[in-house]
Amino acid sequence: MNKRPSVSAYLRGNWFLLGLIAVVSIGAFAHSWLTPLVELKLLQTGLVFCVMWMMAAPVPFELVTQTLSRPLPGLLATAVNMGLIPLFALCIAPLLNPELAGGLLVASTVPSTLASAAVWTRKAGGDDTVAVFVTLLTNLGCVVITPVWIMLLLGVQVQLKLLDLVQSLAIIVVLPIAIAQLMRVNRNFCALAERSKSRWALWCQFGILTMVLLGSIEMGRRLAAENGSSTSLTLTQIVGVVLAASAVHIAAMMVAWYAAKFLKVARPQQIAVSLSGSQKTLMVGLKLAIDCGVSILPMVVFHVSQLLIDTLVVQWWRKKTDEATN
């Protein structure tokens, strides 16, 4: 007879998702007291910088060089992630109100996540070296690609200059990754990064929750300004965001999967292409959503939905992989 999981076990397994719900609620409804935090722009930049550094530091650059002899899977996933997903979002964004539509469009332009893509790929029996290659390639490429997409998709709605976006992304994405990889030249640092991987991952999650809080405060301020004392979204709007973000993610995953299959990519690499090609990083997306003045809710929803959807898909793939090897 299977025992039901205890409350403590449930909280340990789902604390991050519960934390996301909590900080979004606190930020939206207590925005009037927490507004001074949003005005600390250096806090936002510093948080993103530190989280990107901690995510990149444990990643051996050798994993990337291994994929250079067979770059097709990584290039295919990058094309889907940075090229097709913004187009998918553009098709579905008109179904949302302007602020939520803007948030979905911004979320679609950010790079693949440095953390979960490789982990999920490994769990599914895929080639995690391809996932690492894609995450680094999209994060480095986003310095040019993301600002161009934002200007094309949002246009006059964004009061930011192209060069300002490029400079911001270079500081919060490229610089910490470059510093982390340069530090890995030292063997002692490599050993430290490997030992600290789990602890740094936990700190990254706390950093993400803090950025979600800051974004929620800004979202609450704008909603209050538009609707008087109201700080709530309608249930229809929330459901619409969930369906839109999930649809974009699933569409990208399916296109990446069948494109890799059509190009006769081996199954382990095919899994990596599908996962890394469809996932988006939360940290950079939150910063850009705040800077662009759009809702952070689509970025948060995209992140949560990709975790839930990919967990189910990975379990199914893993079962198929195990059956094939037995």
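Lys287 is buried, with a relative accessibility of 6%; here buried means under 20% relative accessible area, exposed over 50%, and partly exposed in between, with a 1.4 Å probe and protein chains only. The side chain of Lys287 meets that of Asp291 in a salt bridge, 2.7 Å from N to O. A salt bridge is a side-chain nitrogen of Lys or Arg within 4 Å of a carboxyl oxygen of Asp or Glu. Asp291 is partly exposed at 26% relative accessibility. Because Lys287 and Asp291 are four residues apart in helix H14 (residues 282-292), about one helical turn separates them. Helices (H or I, at least four residues) and strands (E, at least two) are DSSP runs, numbered from the N terminus.

## Basis of the model

This is a predicted model, in which local features need pLDDT of at least 70 and side-chain atom pairs count only at pLDDT 80 or more, while totals for chains, interfaces and linings use all residues. Residues are numbered from 1 along each chain as its sequence is written, and side-chain values use heavy atoms, with hydrogens and water left out.

## Overall fold

The protein chain has 15 helices and zero strands. Its radius of gyration is 19 Å, close to the 20 Å that the globule rule gives for 326 residues, so the chain is as compact as a globular protein of that length. The radius is taken over C-alpha atoms, and the globule rule is 2.2 Å times the number of residues to the power 0.38. Along the principal axes, the C-alpha atoms of the protein chain fill a box of roughly 60 × 50 × 40 Å. Of the 326 residues, 52% count as buried.

## Other salt bridges

The count of salt bridges comes to four. One of them joins Asp127 to Arg70, with the closest N and O atoms 3.1 Å apart. This pair links distant parts of the chain, 57 residues apart: Asp127 lies in the loop between helix H7 (116-123) and H8, and Arg70 in the loop between helix H4 (61-67) and helix H5 (72-92). Asp127 is buried, with a relative accessible area of 10%, whereas Arg70 is partly exposed at 34%.

Lys197 and Glu194 form another salt bridge, in which the closest N and O atoms are 3.4 Å apart. Lys197 is partly exposed, with a relative accessible area of 35%. Glu194 also counts as partly exposed, at 47% relative accessibility.

## Helix H8 and its kink

Helix H8 (residues 128-154) has 27 residues, yet its end C-alpha atoms are only 34 Å apart, short of the 39 Å that a straight helix would reach at 1.5 Å a residue. The expected span of a helix is 1.5 Å times one less than its number of residues. A kink of about 65° in H8 is centred on Cys142; the bend at a residue is the angle between axes fitted to the seven residues ending there and the seven starting there. H8 is mostly covered, with 19 of its 27 residues buried. Just after H8, Gly155 takes a positive phi of about 55°.

Helix H6 (residues 98-109) has twelve residues and reaches 17 Å from its first C-alpha to its last, close to the expected 16 Å. H6 is mostly covered, with eleven of its twelve residues buried; among them are Glu99, Gly102, Gly103 and Thr109.

Ser274 belongs to helix H13 (residues 267-278) and counts as buried at 0% relative accessibility. The C-alpha atoms of Ser274 and Gly102 are separated by 25 Å, and the two residues are 172 residues apart along the chain.

## Surface features

Val7, Leu11, Leu18 and Ile21 form a nonpolar patch on the surface, with about 370 Å² of accessible area together. Patches are made of residues with over 30% relative accessible area and no salt bridge; like charges are joined within 9 Å, and nonpolar side chains (Val, Leu, Ile, Met, Phe, Trp, Tyr) within 5 Å. Accessible areas come from the Shrake-Rupley method with a 1.4 Å probe, and for residues only the protein chains shown count as cover. Leu18 lies in helix H1 (residues 7-29) and is partly exposed at 33% relative accessibility.

Lys264 has a positive phi of about 60° although it is not a glycine. Lys264 lies in the loop between helix H12 (235-262) and H13, and counts as exposed at 75% relative accessibility.
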